[in-house]
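Q: Could you take a close look at one part of this model for me, the shell around the ligand, and then tie it to the rest of the chain? I'd like the cut-offs spelled out as you go.

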Amino acid sequence: MSEDVNEIKERIRLRFVKVATDPTAPQRHPHGPASAKKLGYDPAEIDALPTVVTESFAGVGNPLGLHALRPGETVVDIGCGAGVDSILAARKVGPSGRVIGVDMTAEMVKKATDNAVAAAVPNVEFHQREADRLPAGDGTVDVVISNGVFNLCTDKPKVLAEVYRVLRPGGRLQMADILLNETVTDEQVEKKGAWSD
Ligand SMILES: C[S@@+](CC[C@H](N)C(=O)[O-])C[C@H]1O[C@@H](n2cnc3c(N)ncnc32)[C@H](O)[C@@H]1O
């Protein structure tokens, strides 16, 4: 792996350590429960979660709003952060379903694990992993969700191939992400937010 890739990953990791451990510190991107509501989450669902669960939310959209999850489904959340989407998904798939959250930042994984306890959601587990090495067998997953993570992945085709590997035939990828157009100005980035440096 080139030095550049390692350096990029380390900068991304350090940013999200901060979001996990110091959620009230100023960030260059919107985060927390107010941001989730602005992005289209049901305000009642967000308010029903303990603040500790929602304070480190750092998503860019609402992947759960793209298609309803069904009871019994197995879901993988790539770059789950502090676990808001995973926890909401676990409630939707119910006790016969299962959610596996994956994040490369240890502090996020710890917080997500604690958050599942705080939200009293038992059918979710969290793993410290990179997105290109998902802890699921071939064709075993009904839905992959991801919120604001692909843009941070240094090898996007590899992550997509891994998504394809774990999804069953007919499974779904529900993702929200950001694209940087070369003509975006610094002012526009400041206004919308910047999730990486
Ligand atoms: C913008 S945050 C979004 C977190 C969460 N999805 C949410 O909506 O609150 C991006 C997350 O992706 C994780 N991440 C970035 N690159 C990753 C990679 N290659 N593999 C796994 N996780 C990654 C970061 O640690 C961070 O928690």
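A: The residues of the ligand shell split into 13 nonpolar, six polar and three charged. Here Ala, Val, Leu, Ile, Met, Phe, Trp, Tyr, Cys and Pro count as nonpolar, Asp, Glu, Lys and Arg as charged, and the others, Gly among them, as polar. The shell holds 22 residues, with G59, G79, G81, T105 and G148 the closest; a residue is near the ligand if its C-beta atom, placed from the backbone, lies within 6 Å of it. The elements that give two or more residues to this shell are α1 (3-21) and α5 (84-93). Helices (H or I, at least four residues) and strands (E, at least two) are DSSP runs, numbered from the N terminus.

Bear in mind that this is a predicted model: local features need pLDDT of at least 70, side-chain atom pairs count only at pLDDT 80 or more, and totals for chains, interfaces and linings use all residues. Numbering starts from 1 along each chain, as its sequence is written.

Now the rest of the chain. It has eight helices and five strands, running α-α-α-α-β-α-β-α-β-β-α-β-α from the N terminus on. The radius of gyration, taken over C-alpha atoms, is 16 Å, which agrees with the value near 16 Å for a compact globule of 197 residues; the globule rule is 2.2 Å times the number of residues to the power 0.38. Along the principal axes, the C-alpha atoms fill a box of roughly 45 × 35 × 30 Å.

As for burial, 39% of the 197 residues count as buried. That takes 20 or more other C-beta atoms within 10 Å of a residue's own, while 12 or fewer makes it exposed and anything in between partly exposed, with C-beta atoms placed from the backbone. Among contacts with a separation of 6 or more, 73% join residues 24 or more positions apart, a contact being two C-beta atoms, placed from the backbone, within 7 Å.
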